[in-house]
Amino acid sequence: MSSMMMMMIKTTTSSKRDSKNVFTTHHHQKQRGRHHHHHHRVAAISSSSFNKNNDNGGGEYDYKQFMPMKEGEQNEEVLQSTDEEKMGRAAQYMRELIKRQVRSNDLPRAGSLTDSTVLRRKGRLKEQDALIEFMVEMHKTHTTEEVMLKVEGWIDETLQLPKERRQFTRLHKMVPQVGYFFHSLPLTKALKEYDEFSHLTKRQYVLPNFAEIRHILNIAQVHVSAKDVRLVTFDADGTLYQDGKHFEDDNKMIDKIIQLMELGIHVAIVTAAGYPGQPEKFEERTRGLLDQFKKQKLPPNITKYFHVMGGECNYLLNVNETYGLQFVPNEEWATVEQYGWREGKDLQAFLDRAEIFLTRYSRYLGVDCDVMRKEYAVGVIPTTDTIYENLEELALAAQAELSTSDIPFCAFNGGNDVFVDVGNKHIGLQALMKHLKVKGSQTLHVGDRFTLTGNDSKVRESASILWVANPDETTFFMRLLYRDILNARVL
């Protein structure tokens, strides 16, 4: 291959998705399951380490992978300093994020925001959002600047009305499934920052894709939330660490979590995993983080800002004096108004009904599976190779079948399993916010499952959200959030 052709491949800014990987199979492991600490869902991008020096805004950035250089002819230091002078911090972080994803996936071509393992393996099923899809479609008749300006104005118009009247706004008429907004979103400003890295507005033939619009929305949300955020909550698998993994000592989110806590901001992990009466199981999933609390000898006035909400909404834990986790008594946080449905025969009858449906529909779809029953959950775990789309079908069918129940629930595709949980993250987050005396406008939830069959989607009703595709993106946005918080407090 000629050197010119090699250079063209290196400098390509948008990669074609590997269409042959739309369908994928998953191999059963006996002890996996979303409620077990050895659970493995469809893996997201493998995580590698950020340069710690970059947290202070300094450090060297290796941009070789993205520059149209010929061997031996480009000066790396000149290119780096020139790029840093031109780009804002968001653009620098974004470029580093893409470089990291390319390396971790060993991709022999230029990086793309849709080049993650998650999107290649799950395809359209991982990209479901009415507003983002609407914004992508708008590009057929509008420029990106026009799209962001119009949507920003429609959101402002929506915020002028009380919640019960928002369905009459122009945005809700065009996108009936649009989520709840707590803030105006500076989308035009976020586009300018993102454009410093991507040069998206210069493209004539390739329209912005789902992931790019998602990133612009996230950047706008970070900027506005930083002004008065008091609680940041995270999904666990696929958001803080890779699916089926746990907090390891080298997880770059550890520093970010501690930084937020030191600023007096509550941090909570809101997870579907539930272990009644077993705080040690929750400790196993957060071991690397708890070990750092102990290593740094964080005082109680700092560790009090860390919480774990397990089983979607059914168990609340905090840090004890030995840097372990302990259950918070229900009477201190679970009000009768929010949790009255947890008692009595109706709950067990609901779980029985869910179990019968999941097992029967699994057989109908030809999915051999084991059943896992918990105190507040029941699920099926495939024992043989299966197709991801069949798990989506099973989750949606369970939602429809159980929709007449008076018991609040969440039926979702965990990637390698399908579970029905009693309650959902919306209830859990509402209870936590009430316990901490925090408003929805002061809360930011970070998750990777906001799709129709994801268990993060309900959170939209409680707080502002950041939709990430993998732990690398979580680290990127938390770096940006921390910088914005510092700037807001200084100013």
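## First stop: helix α9

Start by selecting helix α9, which is mostly covered: 16 of its 16 residues are buried. Keep in mind as you look around that this is a predicted model.

How far apart are the end C-alpha atoms of α9? The helix runs over residues 210-225, and at 1.5 Å a residue its 16 residues should span 22 Å; the end C-alpha atoms are 22 Å apart, so the two values agree.

Now zoom in on the start of α9. There, Asn 209 has a side-chain oxygen that comes to within 3.1 Å of the backbone nitrogen of Ala 211.

## Rings that pair up

Next, show the aromatic side chains. In total, the count comes to 15 aromatic pairs. Pick out Phe 134 and Trp 154: their rings form a tilted pair, 6.2 Å centre to centre, with 45 degrees between the planes. This pair links distant parts of the chain, with Phe 134 in helix α5 (residues 130-138) and Trp 154 in helix α6 (residues 144-159), 20 residues apart. Is Trp 154 buried or exposed? Its relative accessibility is 11%, so Trp 154 counts as buried.

Then select Phe 210 and Trp 467. Here the pair is edge-to-face, at 5.5 Å centre to centre and 80 degrees between the planes. It, too, links distant parts of the chain: Phe 210 belongs to helix α9 and Trp 467 to strand β11 (residues 464-467), 257 residues apart. Both Phe 210 and Trp 467 are buried.

For a group of rings, select Tyr 275, Phe 282, Tyr 315, Phe 327 and Tyr 376, which ring pairs link into a cluster.

One more ring deserves a click: Tyr 180. The charged end of Lys 163 sits over this ring, 5.1 Å from its centre.

## Into the core

Now for the nonpolar inside. The largest nonpolar core has 119 residues, and the ones with the most contacts inside it are Phe 293, Phe 306, Val 420 and Met 478.

Select Met 478 and look at what surrounds it. Leaving out residues up to four places away in sequence, Met 478 touches Val 232, Phe 234, Met 253, Lys 256, Leu 260, Val 446 and Leu 466.

Conventions:
Residues are numbered from 1 along each chain as its sequence is written. This is a predicted model: local features need pLDDT of at least 70, side-chain atom pairs count only at pLDDT 80 or more; totals for chains, interfaces and linings use all residues. Side-chain values use heavy atoms; hydrogens and water are left out. Helices (H or I, at least four residues) and strands (E, at least two) are DSSP runs, numbered from the N terminus. The expected span of a helix is 1.5 Å times one less than its number of residues. Buried means under 20% relative accessible area, exposed over 50%, partly exposed in between (1.4 Å probe, protein chains only). A polar contact is a pair of N or O atoms within 3.5 Å; within protein, one must be able to donate a hydrogen and the other to accept it, and residues adjacent in sequence count only if both atoms are side-chain atoms. Rings of Phe, Tyr and Trp (its six-membered ring) pair if their centres lie within 6.5 Å; planes under 30 degrees apart count as stacked, over 60 as edge-to-face and the rest as tilted. A charge sits over a ring if NZ of Lys or CZ of Arg is within 6 Å of the ring centre and within 35 degrees of the ring normal. A nonpolar core is a set of buried Ala, Val, Leu, Ile, Met, Phe, Trp, Tyr and Cys residues joined through side-chain atoms within 4.5 Å. Contact means heavy atoms within 4.5 Å.
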